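Good morning. I will go through one structure today, starting with a single residue and ending with the two chains together. Please have a look at the model first.

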Amino acid sequence: MGTYPREIQESIERVEATRPARLATKPARLTLQEQETLLKGFHPDYRAEGKRKLKVGASWGEPVPHELADLLEAYPLLDPGAVDVTKPDLDVDLLVIGGGGAGTVAAIWAHLSGVPAERILIATKLRHGDSNSIMAQGGIQAADKPHDSPAIHYLDVLGGGHFTNDPKLVRAMVEDAPELIRWHEDLGVMYDKAPDGTMSEIHGGGTSRKRMHSAKDYTGLEIMRVLRDEARSRGVPVLEFSPAVELLTDSQSQVVGAVLWNLETGEYTVVRAKATILATGGWGRLHIQGFPTTNHYGATADGLVLAYRVGAKLRDLDAVQYHPTGAAYPDQLVGLLITEKVRGMDAQPLNRLGEAFVHPLEPRDVESAAFIRECLPPEKGGRGLGIVTPTGMVGVWLDTPMVDMIHGKGSFERALSSIYRMYIRFDIDPTREPILVYPTLHYQNGGVVIDEHGWTGIPGLYAAGEVEGGVHGKNRLMGNSLLDYNVFGRRAGIAAAAWAKKASPGTPSLAHVRRYAEQLQSAGVAPERKAPILLPEYRGEKALSRMVDLL
Amino acid sequence: MNEITVFIMGKGYRVPAGLTIMKAMEYAGYRLARGCGCRGGYCGACATVYRLPGDYKLYADLACQTPVQDGMYIAQLPFTPAERPAYTLGDLKAEGQTLLALFPELARCVACNTCTKACPQKLEVMDAVQASLRGDIRGVAEFTFDCVSCGLCTMRCPAEISHHHVWQLARRLNGAYLTPRAEHVQTRVAEIAAGKFKAELDKLVTMTKDELVAAYKARQIEA
């Protein structure tokens, strides 16, 4: 004890005082009407002022968060007049933009489909594997037990997405799932298994069968590093610290590669490609509506910006996935995920006064809205009963000591070992002290429209993984993101390889970028805004305010 | 605000107490590209070494997970050069000599345990080296499962072992050859290939929303 600052300690004393009475009771579940009122009042997706309708481009009129609209309605970061893109520096069959899960799977399957390794190029913003794929903890869904089926998986996915998903994409995902799990076994992924090889599978939120495969609570890391090693064995070239800053098109409006930019030297590289796969991931680092995020450093929606400028359609980007329990303290853990299982094992969310204010297991969006209402100040319609941390974060308590009190000593450390280790590193013992949590920006539900082969509808351009939309509709279920990137990475890799065999790309140009800039001008967009942003801005204000560019 | 002084590559900056090394560097004005990945302790991009005033030890940890201390001298490792021999998993056998044949430098281990002390995940790294030498592939795989490939052990190793590449191969050999396959997965793949679920899915993809909602509500939930 004693790791929390004194002002927070006082609140913990209140939590301890109310605990004996709370051990036997829980707040009632909300009625559907009450849920709806809470969502409309406090869920970030229901805040009309959080979004605006796009005023240019193929998805004109669609509402998206301001943070994304600011990037879509923005001028090119790279001045098209400043570079000569007509003479490619590199000429390949397949350019994969993004070195996370989707891009790596796509490259491997393009190679398996007959594209020579040296005719493939993976270009990635950070290092090969630095991605949301590597951070996933929980698992990957696949209906491979006798009492389960792809049809049941299909219904679960659609219900989770509020029936807004693209049926043919969901079908592709559930039908391919078992085959991809088998492929992972071939590659040597160490899934959790019984001694006879039977997969250990559990429930995720919204599943009707236990079909979550895992590798301890490092599932994403284990799959990603195996895929990366396989790509290395195949000799697929990777350009790291080389984000794509613009796609290239030819006179037939085909996508024919991209301009890469060396993050360290500032040099640009023109890559001409017969086929291009966008696998750039999501948008967590846009911090939509000011939320912290579970996402990796490079999740800045670059792929959406690039695709939109060549005319690709976007969908379901009005739906943001917030996970209710992101860590809010200590600062080192802010935004990181605290699994729903902690509440499943009876830890209660509490306000500053130690009062339970919501049932622990409302649906994710409802639970998040309740936390937000508790923390918002009264002048913004909230209750102002959150706990403020020394770095200015606000959160509610998750009363973790209740787990051992209800389930027996040692239960927490056994069942929630990664969370336990995560806090012990910072001298907080969650079996003795509550932890602070707040909703965290977790996933980009929508994205670039694709067909079941990952094709965007633009000749030569494919998309896979978090950058694409339609698979999850307005809300993704746990365990379907790792599956999504494997299924559509594979499909896009195969389809792009087939396209590359017959494609004849013309001279690369940035004509589409110039045209898009003209549309922005006509729509009255101010010239200051530039995109893609490539990296979030985290430098200190004091340092930034005194920075001058001299060399 | 309670401020402390940290020395980033030897140059002093005042930063708020309680920040991680990563956030302290950003606060001081650094825009990271190298040395920053997932920011959550999974990717291993932010390997960092540091010293504390009046202490002879060279410490090693992840910048995203380590709070700054007053007087700390910090240097990030932007990259760990590490040799990964060419191999194809399908050509290898999960046998005693496989690791040593590809990574003969394993035999240069002097059992100094510096690797273990450098590990931010607190893994028993030297035990994994010894298991590699014994040809205990499963042991290596299990000892190293939580490895984030940050390279800190590799940079400290007097035997010049490229640890994370050895561990990666051991885990793949273990997963592919030393662990029984899931028969139910093979069965399901064959069933799908034979079209067992085709008619049902053909029907589902054409159902109206009302029909889908009804089917969804009627699902049996596995206990």
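Start with A:Gln289, which sits in the loop between strand E12 (268–278) and helix H8 (302–309) of chain A. Keep in mind that this is a predicted model. The phi angle of A:Gln289 is near 55°, a positive value in a residue other than glycine. Is A:Gln289 buried or partly exposed? It has 19 C-beta neighbours inside 10 Å, so it counts as partly exposed, since buried would take 20 or more.

B:Arg39 is not a glycine either, and its phi is positive, about 65°. It lies in the loop between H1 and strand E3 (47–51) of chain B. With 29 C-beta neighbours inside 10 Å, B:Arg39 counts as buried.

Back to chain A, for two cis peptide bonds. One runs from A:Tyr329 to A:Pro330, with omega near -5°, and A:Pro330 is in the loop between strand E14 (320–327) and helix H9 (341–344). Another runs from A:Ala531 to A:Pro532, with omega near 0°.

Next, a sheet in chain A. Three strands form it, open and antiparallel, in the order E6-E8-E7. Strands E6 (140–141) and E7 (201–202) are at the edges with a single partner each, so one side of each has no neighbour in the sheet.

Last, the contact between the chains. Chain B gives 59 residues and chain A gives 65. Helices H1, H7, H8, H9 and H10 of chain B each supply at least two residues of chain B's side. That side divides into 30 nonpolar, 15 polar and 14 charged residues.

Note on methods: Residues are numbered from 1 along each chain as its sequence is written. Chains are lettered from A and ligands numbered from 1 in the order in which they are written. This is a predicted model: local features need pLDDT of at least 70, side-chain atom pairs count only at pLDDT 80 or more; totals for chains, interfaces and linings use all residues. Two residues are in contact if their C-beta atoms, placed from the backbone, lie within 7 Å. Helices (H or I, at least four residues) and strands (E, at least two) are DSSP runs, numbered from the N terminus. Ala, Val, Leu, Ile, Met, Phe, Trp, Tyr, Cys and Pro count as nonpolar, Asp, Glu, Lys and Arg as charged, and the others, Gly among them, as polar. Two strands pair if DSSP finds at least two bridges between them. A residue is buried if 20 or more other C-beta atoms lie within 10 Å of its own, exposed if 12 or fewer, and partly exposed in between; C-beta atoms are placed from the backbone.
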